[in-house]
Amino acid sequence: MTTTFTPYASLFGGVLIGLAAVILMAFNGRIAGMTAMLGGLLEPQHPDAPWRIAFLAGAIAAPFAATLLGAEFSFASPTTGAVLALGGVIVGVGVTYASGCTSGHGVCGIARLSPRSIVATATFMATTFATVTIIRHGFGG
Amino acid sequence: MKRILSALAAGTIFGAGIAISGMGNPAKVLNFFDPFGTWDPSLAFVMGGALLTAALGYRLLFGRRQTPLFDTKFHLPTARTIDAKLVGGSALFGIGWGIAGFCPGGAVPALGFAPWPTALFLIAMGGGILFARWLQALPRRQIA
């Protein structure tokens, strides 16, 4: 399944993601990592839960409001439901042990030049590439 | 209350950024990792834009302020060790990302514009997080 190369939209969206990380650090002194945010849902008694849930709510509400106003975001999931669910379980286990994902390690951590985040990001980028290559092209590449 | 509003604002900008960038579209994300097939290099522009902005912003911020506006200190991660948990967890996360095309930060905003099948992924991911937390809470045994 081909997708359109969108350098300008992707760069602009990326700048917004970085800006969100800077705003959360400037005001709340916190890392904008999605793995930690989801912890707010799973531990509603935690003192950080309210602002984490607020971040999640904003993250869902923004594209939802945009679609109500007529915006369209291209979307396609090239897998079956069962495979998507399997991937979800693996992602959940992985980010919990890694204490972070693309946002926490890949953006916020590397931006601080954290060695842990650089190792984490290099590792998951490599295994994602390997997984996609094996699924799509087999072991022969 | 003000901390909740600033987090809501940051989350809103984050969600807009994910939706506009294409990080919430599994087909697009998977194509980034397929240079030998239907390659779409867009993800490099997302990561580049996010990283440059965050690195520059953090640098300005930490250079000018000792504390954030709404808290008494910057809560920066204190863990320093590069261990099997970090590397193994990251490796596993990448495998799941390569299977599903969703990372957590991409999937949460996608719920706002493609509720199905995003909800299925998020529920499964929540199950994975709870399972891993349960494993981590078990009495310590030497596994490796």
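Me: How many aromatic pairs does the structure hold over all chains?

Reply: The model, which is a predicted one, holds 16 aromatic pairs over all chains.

Me: Why is the pair of A:Phe75 and B:Phe102 called tilted?

Reply: Two values decide the matter. The ring centres of A:Phe75 and B:Phe102 are 6.1 Å apart, and rings pair if their centres lie within 6.5 Å. Their planes stand at 35 degrees; under 30 degrees would count as stacked and over 60 as edge-to-face. The pair is therefore tilted.

Me: What makes this a pair that joins two chains?

Reply: A:Phe75 lies in the loop between α3 and α4 of chain A, while B:Phe102 lies in the loop between α4 (84-100) and α5 of chain B. The partners belong to chain A and chain B, so the pair joins two chains.

Me: Which cluster do ring pairs build with these residues?

Reply: Ring pairs link A:Phe75 and B:Phe102 with A:Phe73, B:Phe113 and B:Phe121 into a cluster.

Me: On what grounds is A:Thr127 classed as buried or exposed?

Reply: A:Thr127 is found in helix α6 of chain A. Its relative accessibility is 17%, and the limit for buried is under 20%, so A:Thr127 counts as buried. Leaving aside residues up to four places away in sequence, A:Thr127 touches B:Ser90, B:Ala91, B:Gly94 and B:Ile95.

Me: What class does B:Leu76 receive, and why?

Reply: B:Leu76 sits in the loop between α3 and α4 of chain B. A relative accessibility of 32% falls between the limits of 20% and 50%, so B:Leu76 counts as partly exposed. Beyond residues up to four places away in sequence, B:Leu76 touches A:Met25, A:Ile31, A:Arg112 and B:Phe62.

Me: How is the lining of the largest cavity divided by class?

Reply: The lining of the largest cavity has 9 nonpolar, 4 polar and no charged residues.

Me: What are the volume and lining of the largest pocket?

Reply: The largest pocket has a volume of about 870 Å³. Its lining consists of 36 residues, and A:Ala36, A:Arg52, A:Ser99, A:Gly100 and B:Pro77 lie nearest its centre. By class, the lining of the largest pocket has 12 nonpolar, 15 polar and 9 charged residues. Gly counts as polar under this scheme. With 7 residues, α2(A) gives the most to this lining. Among the elements that supply at least two residues are α3 (49-68) of chain A and α6 (115-137) of chain B.

Me: What secondary structure does each chain have?

Reply: Chain A comes to 6 helices and 0 strands, and chain B likewise has 6 helices and 0 strands.

Me: What percentage of each chain counts as buried?

Reply: In chain A, 54% of the 141 residues count as buried; in chain B, the value is 51% of 144 residues. Chain A exposes about 5,900 Å², with carbon and sulfur atoms supplying 72% of it. Chain B exposes about 6,900 Å², of which carbon and sulfur atoms supply 68%.

Conventions
Residues are numbered from 1 along each chain as its sequence is written. Chains are lettered from A and ligands numbered from 1 in the order in which they are written. This is a predicted model: local features need pLDDT of at least 70, side-chain atom pairs count only at pLDDT 80 or more; totals for chains, interfaces and linings use all residues. Side-chain values use heavy atoms; hydrogens and water are left out. On a 1 Å grid over the protein atoms alone, a cavity is a set of points where a 1.4 Å probe fits but cannot get out, and a pocket is an open set with protein on both sides within 12 Å along at least five of seven lines; lining residues have an atom within 4 Å of a point. Grid points are joined across faces, edges and corners, and a volume is the space filled by probe spheres set on the points. Helices (H or I, at least four residues) and strands (E, at least two) are DSSP runs, numbered from the N terminus. Buried means under 20% relative accessible area, exposed over 50%, partly exposed in between (1.4 Å probe, protein chains only). Accessible areas come from the Shrake-Rupley method with a 1.4 Å probe; for residues, only the protein chains shown count as cover. Rings of Phe, Tyr and Trp (its six-membered ring) pair if their centres lie within 6.5 Å; planes under 30 degrees apart count as stacked, over 60 as edge-to-face and the rest as tilted. Contact means heavy atoms within 4.5 Å.
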